[in-house]
Amino acid sequence: MITEQLLSIKHLKKSYEISSGLFRSSGIVNAVDGVDLDIFPNETLGLVGESGCGKSTLSRLILLLEKPDSGEIIFSGHDALKASTQELKALRRSMQIIFQDPFGSLNPRQKVLSIIEEPMRIHKTDTKENIRKRAYSLMDMVGLSIQMATRYPHEFSGGQRQRICIARALAINPRLIICDEPVSSLDVSIQAQILNLLTDLKNELGLSYLFISHDLSVVGYLSDRVVVMYRGRFVEIAAAKDIFSSPLHPYTKCLLDAVPTLKNKGKKIEVKPADTAHGMDYGCDFFARCSVSTDPCSQSKPVLEEKRPGHLAACFNKA
């Protein structure tokens, strides 16, 4: 039985002009370069890649915080880029985000209760009394006591602040939550608590996540499928277990080899810096950093295609 996609993006592109001075342009960066992606109901899709590869830009495009240059964003069967103002407001209620910095994303002048109630007040989801009751219920759901409702963000620990952010994201009953590095600033033990909370909420509420992270162990723990992004393009998509046990793309292998473990203790981790990479005008973007590149790699861009059942990779090398 084929499940209908909750979110489907097609040929999505977003580029930015690089300025080298006042009124002077030095080129164009393709932050998101024609990507296609599906997210299914009750799925956690992990998105990994080094800094500057386009992960955060993609999340802003999905949330319609920025307009793409071209492409389609279909959410629950509705074309978000062609939606009316009223339709767009309804779509945005179904998509929320949890930011990396829980302190920076909370208004320091608002009390916790007000922060959680605010989305419901803006979208006029219910009466004032019922909004208050739901805010208390959400606090309990994410592990915050009711006595904390009158406190300000600076009175909480990092993990508690992230729980506030999760409660706020849940306030208007979204179907998709984008988690943009939500545990990267937390201690390891607190990370585990937040990850367990996200897992429980997903199962209880039937949520879908787009989970963005640099931490491959976190992505592997939480995700059903994983997308690997490099220089604005997807280079590999597969089930999480397949990505970690038998990656196909050299860049994915590079990311996994770069993770410090007891097995490689004392050994120098060999990773070529990103600024030595081949240009984006022609050839594979990973060509200059790849240890298995061949002549076709320098001449044309590989297309993301199925190499094994359910396992896609953009590479000229055979699986």
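The model is predicted, so local features need pLDDT of at least 70 and side-chain atom pairs count only at pLDDT 80 or more, while totals for chains, interfaces and linings use all residues. Residues are numbered from 1 along each chain as its sequence is written, and side-chain values use heavy atoms, with hydrogens and water left out.

**Salt bridges**

Side chains of opposite charge can pair when their charged atoms come close. A salt bridge is taken here as a side-chain nitrogen of Lys or Arg within 4 Å of a carboxyl oxygen of Asp or Glu. By this rule the structure holds twelve salt bridges.

| Pair | N to O separation |
|---|---|
| E117 and R132 | 2.3 Å |
| R121 and E117 | 3.2 Å |
| D33 and R233 | 3.2 Å |

E117 takes part in a salt bridge with R132 and in another with R121. R121 and E117 both belong to helix α3 (residues 112-123), four residues apart, about one turn of the helix; helices (H or I, at least four residues) and strands (E, at least two) are DSSP runs numbered from the N terminus. R121 is partly exposed, at 38% relative accessible area. R132 is partly exposed at 34% relative accessibility.

The salt bridge between D33 and R233 has its closest N and O atoms 3.2 Å apart. Because D33 lies in strand β2 (residues 24-39) and R233 in strand β10 (residues 233-239), this pair ties together parts that are 200 residues apart in sequence. D33 is buried, with a relative accessible area of 13%, whereas R233 is partly exposed at 26%. Both residues belong to a network of salt bridges that links D33, R233, D285 and K301.

**Overall architecture**

The protein chain contains nine helices and twelve strands. Of its 319 residues, 44% are buried. Contact means heavy atoms within 4.5 Å; among contacts between residues at least 6 apart in sequence, 63% join residues at least 24 apart. The accessible surface comes to about 16,700 Å², of which 51% belongs to carbon and sulfur atoms; this area comes from the Shrake-Rupley method with a 1.4 Å probe, and for residues only the protein chains shown count as cover.

**Sheet and packed helices**

Eight strands form an open sheet of mixed pairing, in the order β6-β7-β8-β3-β9-β10-β12-β11. Two strands pair if DSSP finds at least two bridges between them. Strands β6 (95-98) and β11 (305-308) stand at the edges with a single partner strand each, so one side of each is left without a neighbour in the sheet. Neighbouring strands of this sheet are turned by 25° against each other on average, direction ignored. Within the sheet, β3 (residues 44-48) and β8 (residues 208-212) pair in the parallel sense over four bridges, and G46 stands opposite F211 in β8.

Helix α5 (residues 158-170) packs on the sheet, touching β6 and β7 (176-180), and its direction makes about 175° with that of β6. Axes are lines fitted to C-alpha atoms, for helices over the stretch in contact, and angles run from 0 to 180 degrees between N-to-C directions. Helix α9 (residues 250-257) lies across β3, β9 (225-230) and β10, running at about 100° to β9.

Helix α1 (residues 55-62) has six of its eight residues buried, so this helix is largely enclosed by the rest of the structure. The buried positions of α1 are K55, T57, L58, S59, L61 and I62. L64, which follows α1, has a positive phi near 65°.

**Nonpolar cores**

A nonpolar core is a set of buried Ala, Val, Leu, Ile, Met, Phe, Trp, Tyr and Cys residues joined through side-chain atoms within 4.5 Å. The largest has 55 residues, and those with the most contacts inside it are I98, I166, L170, I177, F211 and V228. Helix α5 gives the largest share of this core, six residues. Leaving aside its neighbours within four places in sequence, L170 is in contact with R134, L138, M141, V142, I177, L201, L205 and L207. A second, separate core of 30 residues includes C53, I178, L210 and F234.

Methods:
Buried < 20%, exposed > 50% of the residue type's maximum accessible area, 1.4 Å probe, protein only.
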